[in-house]
Every structure is written in structure tokens, then in C-alpha cells.
Amino acid sequence: MTLIYYFSHHTANACLFPVCALHHVAVTTVEGIGNTKSRLHPAQERIAKSHGSQCGFCTPGIVMSMYTLLRNKPEPKMEDIEDAFQGNLCRCTGYRPILEGYRTFAKAMMSSSLFNSSEFQPLDPTQEPIFPPELMTQSNKQQKQLCFRGERVMWIQPTTLKELVALKSQYPNAKLVVGNTEVGIEMRLKNMLYPVIIAPAWISEMNAVQHTETGITFGAACTLSSVEEVLRKVVAELPPYKAEVFQAVLEQLRWFAGPQIRNVAALGGNIMTASPISDLNPVLMASGIIHLPLISPCSTEGKRTITMDEKFFTGYRKTIVKPEEILLSVEIPYSKKGEYFSAFKQASRREDDIAIVTCGMRVLFQDGTNRVEEIKLSYGGMAPTTVLALKTCKELTGRDWNEKLLQDACRLLAGEMDLSPSAPGGMVDFRRTLTLSFFFKFYLTVLQKLSKNHNGTVSAAREDELSSLEDGEWRISWSCVLLQEVPRGQAVEDMVGRPLMHVSAAKQACGEAVYCDDIPHYENELYLTLVTSTKAHAKILSVDASEAQSVPGFVCFVSAKDVPGSNITGIANDETVFAEDVVTCVGHIIGAVLADTQEHSRRAAKVVKIKYEELKPIVTIQVRWLRSASASIKRINKGDVKKGFEESDHILEGEMYLGGQEHFYLETHCTLAVPKGEDGEMELFVSTQNLMKTQVLRVLLCRNCIVHFGLCLINVSFNRTGRPVRCMLDRDEDMLISGGRHPFLGRYKVGFMKNGKVKSLEVSYYGNGGNSVDLSYGVMDRALLHLDNSYNIPNVSSVGIVCKTNLPSNTAFRGFGGPQGMMIAECWMSDLARKCGLPPEEVRKLNLYHEGDLTHFNQKLEGFTLRRCWDECLSSSSYHARKKLIEEFNKQNRWKKRGMCIIPTKFGISFTVPFLNQAGALVHVYTDGSVLLTHGGTEMGQGLHTKMIQVASRSLGIPTSNIYISETSTNTVPNTSPTAASVSADINGMAIHNACQTILKRLEPIKQSNPKGSWEDWIKAAYENCVSLSATGIPDLGYDFEKNEGKPFCYFSYGVACSEVEIDCLTGDHKNIRTDIVMDVGTSLNPAIDIGQIEGAFVQGLGLFTMEELRYSPEGNLYTRGPGMYKIPAFGDIPTEFYVSLLRDCPNSKAVYSSKAVGEPPLFLSASVFYAIKDAIYSARKDSGLTEPFRLDSPATPERIRNACVDIFTKMCPSAEPGTFKPWSVRV
């Protein structure tokens, strides 16, 4: 007999899946499939060479998702690839290069000017690691029960149902865990402890799949992926009428988390978790009679079967299942003739997101009629449990399926699915409206099927309503990039202007790149965990760390009294290292625990007791508690505003709110302090963009790092213990204590002529600075300097006010206030175009600057290429032709609307603090001709090191293969400026260029004496003249706000984007159909890196303006502390068609090799998506008889989109009167 083994490969989240559950499982990590020393796997090679890795922190996960797909399906389709990445996130790349590189596996060959796919090594399945033979033999042996004991938790893995029952008898309160996708989060983030965990994943009865006469029975331990696989096969074979429920389950599973979760999460676990926003429970509850067999060691009968009906869920996260009972299986029934079923879900993000509202809807008609015999409407997200709309269903039973039933159903649902205006989760109006919108979609779906099945005797839905049912098509993304041409005659070894691969990409793709927390642990190393305030504003009465001392491994607790010098810190000396008497925000650091391990340190920190006397917190901009009467207010005035208004034909007033944004760098803040043994010397490894602020402590090394993190805490801890100290923040800690982008409120009054020409502007900006100054004044300065965006406004009166609140201090973020200033400009520009009844693109172009114009801060525009970008974007996007198609689409569709918008940007380049526009570089040339390069900029994924190598290569005239770069370190380049303001390539590149020129000048006599010699010959001859240099370059900058004179920016970067979207007026969902970008980057140093920065910035801006929403309680507590509630864009959120073009023939004389900054300027171009959404909403409102300008705040979330699309359903769910209730969350 020949045994044939079949293997399947599954991705899983390493942070959730327990090591204990991996017994008898073969685990492959990114390090196991290829490396830089021998051979990269094709999945690693293609992401690296297609420029799909920037910071690289997400790259191993993406590589393994692709690798898993290739092991299961060596020739995948493009939709397989896009589906495989549903659980992966990236903050840097904008996803396009990843998809483009991996598209080559799908044989969907596209020519790319950024890489040569013919150079990729082919995929050879025969070269993959073999499945361990010892595990093959295990499948034929009797498995043994396993038990793993930790300090506080015991993990038991039984192998038979009998063992499981016995264990449950012994430990009736034990938690049953298969995938650990819920319990893992509870234990890690919610401070819950389960002393005994039983894992039934290997019990055959609980993994069995049985086909019965009434349906399919799945063992409770069956993973969601296996359920999905079985149902897909069955649906393909069954007649459609019999598979209605299965289709609904598949639709929900398609958007259920990501494959990494579905591969391990169990069907039974999903039910027993009893989440009120479960994707599947409403479907199962509505599908008819779902029988759930239970087994109990305590019952005399042993087994009983319960029904998943309205009595199943007894309360929040509770069911009628007794603690000692075990769910064995779940039967999903076949549907019958005359029975129809639909399921719907609305979330903040389509992929890998929890539901806001979810539902299952089923109707059974009397044979051969359209009369309702039975109907079930089940909702999640509308109560503490999954609920059935029992009253509505009762009223609809026996009714004909027609317009009158629809009207009554919506009226009844609006009453039955009511929510308190203070309901947890907020979004009350939106959630109530969704219950009606979902039923309307269900009504139309059933109406169409009835009409088809009854041969037209039942009236079909109107043609203009049918598009609302189109929801499930695959979106295959396409992209194209247009580069600048390398000048003819440029030497092959001169890599400036060529798409050189990121120097760290291969290491990142193999998991070899070393980040701060990857540094091996030192002997006697301690781990630090912060103890933070749970109150936004309060006096500290006492801090008691006595209970923490009993935790194993505890070493000490440090607080303000342990600070050896001053406890005062911060840019404006208005912060403390540790809070002493008063806390001023939730997350304010009060102390820190040091212990021997991370786990012990966290446990000890959680039991530190703090008593408070609460004070009234102030969390919103509207309160406007100013930091001081004058220092927090900035103004820029130009012309005669009063006269401008008098000369205007129209005056428009309004306001707009922009929410903040979390950085959400994939690598959280990390610091490692290591004693060097002499004179108290300490070496610091830090995630920072600003080494200068840390060099006052000790010499600092910066490794593959992300963002600045204060080191005072580590320094205090180091002084207290004298041992190495490490601190790596969890995501929830990081989001809680670190500030993000400033929320802004803009109020404007704009005067303009009938043709749309702006005459006068009066604008006030209010920024929520948080509890300390930090960089808020600088952020407000840049917001005021960008209040014009790209428009020539002859008369301006502007004021910027920074508001002090009891939130963590907000800080620098990509764009540094510029996006907020420009966004409010586009708000009034959009509204005045509507007021004039003119096309917005014409009004925008009419007001654009021209070459030589003066800005509102009196800087002359030189090299103004924006109008070229504008015209090129209009042409390449086929704007006018597509606009006509959109108008026709909107006429033909009531509940789906499309919109399009073209937006310019003008972004000033330079630090507005002049002395920061300097940099340093150190260049060593060794006797073999190799070059070691160091500079003051931090590589955080943006490709700075790669560009600097290219600059040095051209400057010295040698190949890039001869040039090496070392980590940024204060012991080689001191007094570095922050890697910020988009100027790092400019200032560090010029410093490197100057250093190289000094070396070349020293080599001139040697070269003249041996003109035919090689680089190596000249270096060898110059050996006696040691060449090393630190050089700086400082542009001529400076601006005076009081006098409105000077030159705050060295130059400007320009760009234009045109975006088209489609919104679902019933749910608020939107799809990004297409974006065209034309960007002026001067003469690109590296087009692959520049395009990566453009796309990455655009997608980050997409999150800012359409998705990412920070939500705070009225008491200042942040709800959105992790990826569960805070959503950044995923693979499926990028435009389906994404075209990026670099403007040609636009050299910039003010930066190294005629290049331009590119890090921040493109971010604002994603505002084109926001205003395309607003354009689509205008069309929806027009169908409801509303034509006046309306307010749409940012971000344009599904909630804001749906609520703005005023219609019969929104009117049935009126808002509660403000002030009559306490809201769950407030706008800060």
C-alpha cells in the first residue's frame, strides 16, 4: 500500500497563535525560505526588486502571505493575490509596487519602467523546503494528550472527545481555545487571565464535516477557512435555491478579518464569543433553526441540543450555554424553494475590519406567491447582543412583498431598532439608518428574484435602483508610472536618475534587517514598562507600588523622585519626565516598572495603584482655552480685506473640521540603553528622527528606526540600576501616550466674483495642541503659510490659534500643518464654485498662481510648474470625457453615485526655523578604493540612504557597488537636524556632495599626474593624504510673521491629482476607482523611490481624509488604541487604477543635482478623493431636492457619507437634540 500525503499551507499571526498549539505542525518563517547569503526566494526577490519594501517592518509578513499562496497555488490568479493580502498592512508604500511585483506570478505581465521582470528568477516548486518526514509518520500514530504549564496559565491539548469531557469536568471554568483570536487579545490587551486553557483543535469529532438531508454539519473546531472551502464546493454543485444561506455565509466570510485569522479561528468560537458585532451570528440566527449539540460532563443525559434563536444570547458576551457544556457542532441548513436570504455588513474599512452593523435577512414565501410566510431579520451592532426584529417580522408575516410592505417595514424597524443617543460605539444615527438601508437592499434583491422566478408576474425593481445591489465584484488593480528619461550620454555607472533598488530591501524581505527590538538581549538586561494616568486631568494623591514588588522578577519602580536632575523637559519646558502632582492627559507618564522580563514588567505595572482627585478636563477645540494671550496666536495679513469684500459679488461663510491622525508606524517606539563601563558612558539605540535631542544624554545609534521617542525615562532607569534597559511599547501604549496630527477647526469668510475669482479671504485656524506646546506653534505656522494652497488671493486676513487641552500633546506629522491649511482652502474653493454654478475645475484653474506672483506671505514664485502639472493631469486623466460619463452614470443610478475632482498642491520646502536647514556628512575613502558614507539623516524607509549613495556615486564618479553606508550615529556626525520637513535628501545630499568635492579637490594633483589611472590607483597614491570630512550646507532662509517679509521656503514642490470615486448612498461605502497624479520632483535622484514616496504619501493621506478617525470619550479617554478600532488603508483601498507621472524637464537649481523634496508634498493630493466623494454626495442630495452647499468634515468616513446623503431613510432616524444627552465620543 502506498501512502499519499496531502499538505496545505496556512498563514497565521505569530502575535496571536500560541506556540503550544504548534506541536506536530511544521512552521516556516521568512528566514526559512531564502536569505541574502545564498539565494532569495522569488517571493522575496520580487518584492525587493519591484520596490515594494520601504521601512521593511511589514515586508516579512507580506512575503509569507505570498509564499503561502504560491505553495498552495503556484500559478495564482490576480484575485487570489489580492485576497491573500487582506490581513496585511503597510504604512509606507501605498501597496502599488507590491501588487505590481507579485502580479508577475499571475502571468499578468505588464511592462514596468521601474524593474525588469525578465530578470526575476522563476518559481520552482521542487526547490521548496520539504515537509518534515518525522511529522508525516506522526499522522499514523496515536496522539497523546499534551500539557504545558507556565507561571500562571496551563495549556492542555486533549486528543479525544472523552479526554475533553473529562478535562471540562475537572476544570468547568476552563476556556476552550482553537485559534486564540479572541482569548489572545483579551489576555494581551484587556488584562484578562484564564488559568486553564483547553485546546480541542485535534479532536476528530469537532473537526468533522457531515452532509445531511437538512444541511451541512461542521464540527465546532472547524476553522472558518475550512468552512469557506467546503461551502464554495457545495455552492458550485447545488441548485441556487438550495444554497441561499451558504452564499450569505460566504459573503460574510469574504470580508471576515483576513486569511491569517480565518485560517485558525473556529466556527464554534465565533458563536460562543457572543460578540454583538459578530459577522456570522446574525446570519446563523436568521437562517432558520440552527441546532447546536452540546455535551456536558455534569448532565445525566450527557448531551442536549439547543436552538440558536432569540433566546440564545442572554446578555453582552453571554449565551444560554452553561459553563461546563461543550459545543460540538453547528448545522447550517439548506434553503428551500421560495426562500431568499441575504447578509450585509458595514465597517469603517472593507477589508479585515470589525462590523459597525451587520445583519442576516431571510424570507420564505407561500408557495407560488409573493406573500410572506415567514421572515427573520437579525442584526448585530444594534444592542449588547445579536438581536431579532421580532415585532417587525410579526407585522410583515402574511403581507405581500411590495412597496407598502417596504414602507411599513422601514417604519417598524426605525422604531424597533432604536438606540440611545449615548449608546456605546457611537454613530447612532448612522447605525439606525443602516438597519433600514440593509432592509431596502434585501427588499430589492428579493424583488428581483421574485420577478425572475415568477416570470414577471411580480414587478421588478426600478432600473436606477439595481446598482445598489452590485457589491461583490473583484477589483483587480492596475497601475502605470511615467518616469523622466535619463539624459543621453549619461554613464552607465552613474546611477542618479535611475531606479536603484532600496539598499535594505533584500535584507528586509528576508527578515535579516535588524530593528531596535531585534538587537539580542544583553546580560542582566531589564525591561521597562510605563505606568500612565487613567485620568485626563487630576491631582495625584498617592502612588502605591507595593503590590508590584510581589511580581516575580520585579526590580524597582521609578518616578519623579528618582530623576537625578530637573524633572522639567519639553521644547517649551512645559512637560515633565514623570508627572508629580498633577496629570494633564490620559496616558501621562507617572512612573515606570523595571523587571527581568517584558511579561513580568507588564504584570507589575498593571498592579501599581494610583489615587486621584479628579479635575474637570478640557478636550475639545471649541473650548479654546489658549496657552497664553499672545504667544499662541499667529497672523498673516495682506492687502485690504475689507475693501476686497466690498468689491466682491458674493460672500460665503462656513467652517470645516479636520480630525487628527495616528502615525501608526509599523514599528512602535523602542529604546535600548547599554552601559559601556567607564565614566558613566551609555550607548543608546533609539527609534528617532532627531538624534540631536538625544546626544545630550549619550552617544546614540539609530537603527532602521521610525519616529522620535523621549529618552529621559530610560536615562533615569539606567542611573537607578546601572544595567541595560529596554523599552518597546505595545501598539495600544504607543497610541495612548504619543501625539499625532493636530485636529483643526477652520472658519472662513471668502469674497468672490460671479466668475469665481477670489477677491478676499478671512480665515481662522484652531489647532488642538494637547497638553504641552511641543511643535504646535510650528505646525500652526506652516498651516498659515499654506492657507492659500495654490491660489492667488489678493487680500488675506488670517489668524492661527493653538488650543491647550487635556489630550496627549500633538506633534509633527507628515505635512506638518500644511495639509490642514490647504484642506480648508479647498473647502471654501469647492463651495464657492457650487455657489457660482461653475465647474469646480474651471474655478480652481482661474485662481491658480502664475510664474512670478507673490504669495500671501510675499515670497516670489520662481520655477512655477504647477500649471504644467495641471494641464498634463487634465489630459492624462481624460478628465472632461470621464466627467460626461460620470454625469450619465449618476442620471441612471439612484443609490450609487460617482464623483471626480482635480486638486493642486504647492508645498514649501525648508524648515521654517532657519538654523535647522543644515546637515553633516562624513566620507571615508579606504586604500582599496571603497567608500564608507555617514550622514546626519535617519533612514526610516524613505530611501534616504539609497539616494545618498547615488549622490556620492556621481560626485566621486565611481560605481555604487564601491560605496557603503553606516548607521546614523552621533559619534560620527554630531548636531544633526531632524530628518523631517522633506529636506533630508536636499541638506544631507549637499553635505555629502561638498564632502566629496573636498576629497576630489585633494585628489586633483594626483589625477593630473596620472590622468589615465583608475580610481583605485589614485586612492592608493593618495594614501598618505588621509581623506575625511564633515561638511554642511545652509540655504539662505528666514521669515518674519510680524512684518510679513522674508523667505520662509527655499523652493516649492508642485503636484496635481485627479481622482474618481463611487459611493454607496445607502451604506456610505466608497470605492476609489481611479487616481492620476502628476508630480514635479525636479530631476529625480531615484524615480523608483520618488514614486514610492508619492504613492505612500497619497495613501497615507487617503487614510487621513477618508478613513482614519481618532475617537475620544468626553473624559478624554482614547477609544481607538489599536488596529481593532483604528483603521489605516489596506490593499483594497487604493485606487483600482493608479497612474503616477513625474513631470519632465523641470530641473530645480536649489537642491542637489536639480532634485526636489518628495516626502510630504504629495500627501495632500489625496484630498482629491475627499472632494470627489463630496462631488458624488452633491449628486445624491440633488436627487433628494437639495442643491445648496453642505458641510462635510474630514475624514469622510462611511458614517459621514451616509448621513450627508439625505433621503427618506435618514429622515426616519432623526438625531437627538444636542445637549439632551451625553455622547459616547466627542470631536476633539
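Before the first selection, a cut-off for ring pairs: rings of Phe, Tyr and Trp (its six-membered ring) count as a pair if their centres lie within 6.5 Å. Keep in mind that you are looking at a predicted model. With that cut-off, a search of the whole structure turns up 31 aromatic pairs.

**Stop 1: a ring pair.** Select F1105 and F1164. Their ring centres are 6.1 Å apart and the planes stand at 90°, so this is an edge-to-face pair; planes over 60 degrees apart get that label. Now colour by secondary structure: F1105 sits in helix α30 (residues 1087-1106), while F1164 is in the loop between β44 (1137-1142) and α31 (1167-1183). The pair links distant parts of the chain, 59 residues apart.

**Stop 2: an aromatic cluster.** Next, select Y340, F365, W401, F439, F442 and Y443, and show the side chains. These residues form one aromatic cluster.

**Stop 3: charges over rings.** Pick R834 together with Y1178. R834 lies over the face of Y1178, at 3.9 Å from the ring centre. Then move to R894 and W895, where the arginine lies over the face of W895, at 4.2 Å from the ring centre.

**Stop 4: the annotated binding site.** Select L176, V177, V178, G179, N180, T181, E182, V183, F256, D279, L327 and K345; UniProt, in an unreviewed entry, gives these positions the feature "binding site". They spread over 170 residues of sequence, and in space they reach up to 27.6 Å between C-alpha atoms.

Zoom in on G179 from that set. You'll find G179 in the loop between β3 (175-176) and α7 (183-189). Why does G179 count as buried? Its relative accessible area is 5%, and buried means under 20%. Leaving aside residues up to four places away in sequence, G179 touches F17, V264 and A265.

**Stop 5: K345.** Stay with the annotated positions and centre on K345, in strand β13 (residues 339-347). At 14% relative accessibility, K345 counts as buried too. Which residues does K345 touch, not counting those up to four places away in sequence? Show Q252, W255, D279, D353, I354, A355, V357, T358 and F438. D279 in that list also carries the UniProt "binding site" feature.

Terms used: Residues numbered from 1 in each chain as written. Predicted model: local features only at pLDDT ≥ 70, side-chain atom pairs only at ≥ 80, totals over all residues. Heavy atoms only, no water. UniProt positions renumbered as here; feature names shortened; annotations may be inferred. Helix = DSSP H or I, 4+ residues; strand = E, 2+ residues; numbered from the N terminus. Buried < 20%, exposed > 50% of the residue type's maximum accessible area, 1.4 Å probe, protein only. Contact = heavy atoms within 4.5 Å. Phe/Tyr/Trp six-rings, centres within 6.5 Å; stacked < 30°, edge-to-face > 60°. Lys NZ or Arg CZ within 6 Å of the ring centre and 35° of its normal.
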